[in-house]
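This briefing covers a predicted model. The points below are grouped by topic.

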Amino acid sequence: MLYLTSDEFPIFVPFGVIGFYRYLWYIIRVTASLTYRPVPLPENPTYIASEDVTIIVPTIDAGEEFKEAANSWLAGKPKEILIITEEKMLGPLQDLANQVDPERIRVLTVPFANKRLQMSHGIKNTTTDIIVFADDDAIWPPTLLPYVLACFEDQKVGGVGTSQRVQPVGNRMTVWEVLAAFRLTIRNIEISSSTHIDGGIPCLSGRTAAYRTVILKDPEFLHGFTHDYWLGKYQLNSGDDKFLTRWMVSHGWSTYVQCCKEAELLSTMKPNWRFLKQVLRWTRNTWRSDLRSLFMERHVWTSHPYVAFTMVDKLFNPFTLLVGPCLVSYLMYKSTIPVAQGGYHLPWNILCSYFVWLVATRTFKLLPHLWTRPQDVIYVPAFILFGYYFAIMKLYALCTLHETGWGTRAGIGDASAATAAADRMNEKTNNNPYQQNNPYNSDQSPFRDQPLPSPYHDNPTSTSATPVYSSRATTGRSGSISRRRPTEEQGSNLELQVGFAR
């Protein structure tokens, strides 16, 4: 750090090598975010929500707020909404669904509350080309689905995310909700900049994200998704969005994020101290997923080098953040020693200057949020304190990655017990003659995103696992892409092939 603390010029300037590095990269992110542009709506869309979109909502305790969220989803005119819950919640959720739209909302159940099992059950019951996962409190603008579907015009895109804002639970935001809103503002800048720079994103947020159904119907995906272990023995229930994002990268699919008002959802956050438990769960998921991406799977290094760099940066961020207060404390201590003995002058000037510097720089980082909500400027000091708490919490999370509990929801039991019960149920399904003949439960896809026969299928000794997906595109519907599934002969002649997996 630079410090000028002589009697003639009693000013402390807390800016050094680390500060220069951090703000240089922040300026790069902001510049990239400002030059980012969302994908525009096509004139003749390939995908139409009323024919091609199923919304899957895993939940166990949806309340009255579900009605507002469900009505916002229905405004986009999806073909169907699947609510996946545990058996004991079937009655209350069916009542809620009947009050909103019993024709387009189905309620399905699994024996135990487990988000990944609920999501996989929804995937197995989907008959459309696009799946959109949504939290039960995510409120969409009516234009969200068309803007999300626009990204799938690029046949290489397998997953699409959106930007987000906080919806207050009460009439006004609590300090916890404002802190969450600050974090989402920074996140929106980060994801738009990374999408613009190299097309990648650290995580397609589970609050709302869309995927090609044919990817998620893959039996290999479904098994890996529901049998995901940390260090081979701690089964994971949360972190589903991180798993999905890594799967896109490792299997050669592109991702995109629509950061625009037309695709910006509203989501509630915990309005009290339980927000900290949410952050702790998210932080553990980030540690586990980023370590896997960087050092175990390693596809992100070649696919999205900028995203890989941001992941490495976040690994060291808690340490660099804590350097500042540690150095300031040391300088204040030195200021208590006489100058003749090697001490410094004016300890309180150091502290006051450091505080002013923090408020000024953090306010600058939050300007995109404060531009729309200037009244939140009074919470900047709370955001500064939360930043240091978060740095310490990240280190605690790193030391407790074996803890895989949900943390903020009652009724989320042992993931391994739920998975074992689901496996037993699948065994019964596989032994059922009707289910064996059901095309929706077979490897033969009923979708027009049907994978073509892989050249490796004829060579059982091949070690490659490269499925080649056809675009199914043929001219029709007034110049738009046709929705007809190609015949086997047509499929073999299609030139546009995507989804090259590693």
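## Helix packing

Lys-115, Arg-116 and Met-119 in helix H5 meet Asp-240, Phe-243 and Leu-244 in helix H10. By class, this contact of H5 with H10 has three nonpolar, no polar and three charged residues.

- H5 spans residues 115-124 and H10 spans residues 240-250; they pack at an angle of about 55°, with their axes 10 Å apart.
- An angle counts as roughly parallel under 35 degrees and as roughly perpendicular from 65 to 115; H5 and H10 are therefore oblique to each other.
- Helix H7 (residues 175-198) packs with helix H13 (residues 305-335) at an angle of about 140°, and their axes are 8 Å apart.
- That angle makes H7 oblique to H13, since only angles over 145 degrees count as roughly antiparallel.
- On the H7 side the contact involves Glu-190, Ser-193, Ser-194, Ile-197 and Asp-198, which meet Pro-305, Tyr-306, Val-307 and Lys-314 in H13.
- The residues of the contact of H7 with H13 divide into four nonpolar, two polar and three charged.

**The sheet**

- Seven strands form an open sheet in the order E5-E4-E3-E6-E9-E7-E12, and the pairing is mixed.
- Strand E5 (105-110) and strand E12 (254-258) are the edge strands, each pairing on one side only.
- From one strand to the next, the twist averages 20°.
- Strand E3 (residues 53-58) pairs with E6 in the parallel sense over four bridges, and the bridge partner of Val-53 in E6 is Ile-130.
- E6 pairs with strand E9 (residues 208-212) in the antiparallel sense over five bridges, with Val-132 opposite Ala-210 in E9.
- Strand E7 (residues 157-162) and E9 also pair in the antiparallel sense, over three bridges; here Gly-161 stands opposite Ala-209 in E9.
- Helix H6 packs on the sheet and touches E3, E6, E7, E9 and E12, and its direction makes about 145° with that of E7.

- Strand E6 (residues 130-134) has five of its five residues buried, so E6 is largely enclosed by the rest of the structure.
- Ile-130, Val-132 and Ala-134 point one way from E6, while Ile-131 and Phe-133 point the other way; all are buried.
- H6 (residues 144-151) is mostly covered, with seven of its eight residues buried.
- The buried residues of H6 are Leu-144, Leu-145, Tyr-147, Val-148, Leu-149, Ala-150 and Cys-151.

**Aromatic rings**

- A search of the whole structure finds 18 aromatic pairs.
- Phe-275 and Trp-282 have ring centres 6.5 Å apart and planes at 75°, so this pair is edge-to-face.
- Phe-275 counts as buried at 0% relative accessibility, whereas Trp-282 is partly exposed, with a relative accessible area of 23%.
- Phe-386 and Tyr-389 form a tilted aromatic pair, at 6.3 Å centre to centre and 35° between the planes.
- Phe-386 and Tyr-389 are three residues apart in helix H16 (residues 380-399), which means that about one helical turn separates them.
- Phe-386 is buried, with a relative accessible area of 7%; Tyr-389 is partly exposed, at 37%.
- Phe-275, Trp-282, Phe-386, Tyr-389 and Phe-390 form one aromatic cluster.

- Asp-313 is found in helix H13 and counts as buried, at 12% relative accessibility.
- Leaving aside neighbours within four places in sequence, Asp-313 is in contact with Tyr-21 and Arg-22.
- Ser-267 lies in strand E13 (residues 265-267) and is buried, with a relative accessible area of 1%.
- With neighbours within four places in sequence again left aside, Ser-267 is in contact with Asp-137, Arg-165, Val-166, Gln-167 and Arg-207.

Methods
Residues numbered from 1 in each chain as written. Predicted model: local features only at pLDDT ≥ 70, side-chain atom pairs only at ≥ 80, totals over all residues. Heavy atoms only, no water. Axes fitted to C-alpha atoms, helices over the stretch in contact; angles between N-to-C directions. Helix = DSSP H or I, 4+ residues; strand = E, 2+ residues; numbered from the N terminus. Contact = heavy atoms within 4.5 Å. Nonpolar A, V, L, I, M, F, W, Y, C, P; charged D, E, K, R; others polar. Buried < 20%, exposed > 50% of the residue type's maximum accessible area, 1.4 Å probe, protein only. Pairing = 2+ DSSP bridges. Phe/Tyr/Trp six-rings, centres within 6.5 Å; stacked < 30°, edge-to-face > 60°.
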